[in-house]
Amino acid sequence: MTITRWAALSIGLLGAIALAACSDEAKKKGETPPVPVVTAKATEQDIPVTLKVVGRAEAFESVTLKSRVDGQVASVLFTERQHVKKGEAFIRLDPTDYDARLQQATAASARDAALLAKTRSDTARYAALRDRNFVSEEKVNDVRTNEAAAAAILRASKAAEEAARLQVSYTTIRAPFDGVVGARIVFPGSSVKTNDTALAIVNRIQPLLVSFSIPEKHLPRLRKSLNANSHGMKVDVTLPSDESRHFEGSVRFLDNAVDATTGTILMKAELPNADELLTPGQFLNVTLLLDTLHNAVTIPNEAIQQGAEGNFVYVIKDDGRAEVRKVETAAADGGVTAISKGLNVGEIVVTDGQLRLTPGSKTKEAGAAKPQAPEAPAAK
């Protein structure tokens, strides 16, 4: 064995002895190596108090149109998902039968009008004869009675004529409001029964409503916020499949009673939906802004730990040791939590590495230690 080999072995043996001596000395003192942790400083900022729920889109107005008369579809004047204006015709029924009834009623009105004219002439003539003592007063009264009866008959005929005219108008189905027509339900030749056969579904989707329910425990803060905002509480709506697109709206409805079976209360928000990107029936994520906490103490969400006695955090003191601190949270938003009690601005909290910590543990930043250089391979 060469002298160089002996020297290397001697140096390694001395290093091992020294390391063992240091380890024994540390054990005698009861010290453990510092725990690597990641920390963050408590800051001060405004935090919105929000409530996130799942809602469903609803049409602002919706109607299933049905015919007010029996008949047969003559023509369908709309295409599916067509935008229609109030009063615009989009279905016509065959009006032939109702046109004939209208002509019959018109003729009856003309006949009764002629009869009334005759009775009025008779009344005038008999009144003149009575003045000349050619007829009695009783005869004049009979003629006047006939005139009154003829006038009543004419009014009935006019009413029947108007009813027939309405029947004709009912053969044209018109949009009750501005909206979008859905799928075609009937086609030319389809038979239609009064108030039975669905002809078309029209939805008004500008604006659009979003209905959602919230737990009753939020009612006090909710009422306070509603009273403070005359234009309604603001809501932020996103699609479950794409949370990058946001739609803003305002609360327009709060139900007058809590649902006893679920312990929730129904609310509705109104969205402009100008681009018609949202459709009735969609599930939507709704974020309701209840309040804003000003100058709140905030820390990352990762720092909050759950224990038997509630929430707590590990606070790093000036000497680098960890201290368990009970805290009370107020709200969370955007990856940070507002602390209402138990922490001050500027204190250092642990955000990663809590599992290895115990009260009083000495800590070090996880990235503080420099990586050791790899040993060079021994020369052969």
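What do the elements covering the buried residues of α2 include? I began my notebook with that, and I found that the cover includes α3.

**Ground rules**

I noted that this is a predicted model, where local features need pLDDT of at least 70, side-chain atom pairs count only at pLDDT 80 or more, and totals for chains, interfaces and linings use all residues. Residues are numbered from 1 along each chain as its sequence is written, and side-chain values use heavy atoms, with hydrogens and water left out.

**The whole chain**

I looked up the elements and got four helices and 20 strands in the protein chain. Helices (H or I, at least four residues) and strands (E, at least two) are DSSP runs, numbered from the N terminus. Of the 380 residues, 33% are buried. Here buried means under 20% relative accessible area, exposed means over 50%, and partly exposed is in between, with a 1.4 Å probe and protein chains only. I also checked contacts, meaning heavy atoms within 4.5 Å. Among those with a separation of 6 or more, 75% are between residues 24 or more positions apart.

**Helices α2 and α3**

Back to my opening pair. I found that α2 (residues 96-131) and α3 (residues 137-169) pack at an angle of about 165°, with axes 8 Å apart. The axes are lines fitted to C-alpha atoms, for helices over the stretch in contact, and angles run from 0 to 180 degrees between N-to-C directions.

I sorted the contact of α2 with α3 by class and got 18 nonpolar, seven polar and 13 charged residues. Nonpolar covers Ala, Val, Leu, Ile, Met, Phe, Trp, Tyr, Cys and Pro; charged covers Asp, Glu, Lys and Arg; polar covers the others, Gly among them.

Next I compared lengths with the expected span, 1.5 Å times one less than the number of residues. The 36 residues of α2 should span 52 Å, and its end C-alpha atoms are 53 Å apart, which agrees. With 33 residues, α3 reaches 48 Å from its first C-alpha to its last, close to the 48 Å expected.

Then I listed buried residues. In α2 they include Tyr98, Leu102, Asp112 and Leu116. In α3 they include Val140, Leu154, Glu161 and Val168, and the buried residues of α3 pack against α2 and β6 (172-174).

**Positive phi**

Which residue with a positive phi follows α2? I found Asn133, with phi near 65°, in the loop between α2 and α3. Asn133 is exposed, with a relative accessible area of 69%. Arg81 has a positive phi too, near 60°, and lies in the loop between β3 (71-76) and β4 (83-84). Arg81 is partly exposed at 45%.

Beyond residues up to four places away in sequence, Ala59 touches Asn203, Arg204, Leu208, Leu209 and Pro280.

I then checked Pro207, in strand β9 (residues 198-215). A cis peptide bond joins Gln206 and Pro207, with omega about 0°.

Glu302 is partly exposed at 49%. Glu302 and Gln354 are 52 residues apart in sequence, yet 9.9 Å apart in space, C-alpha to C-alpha.
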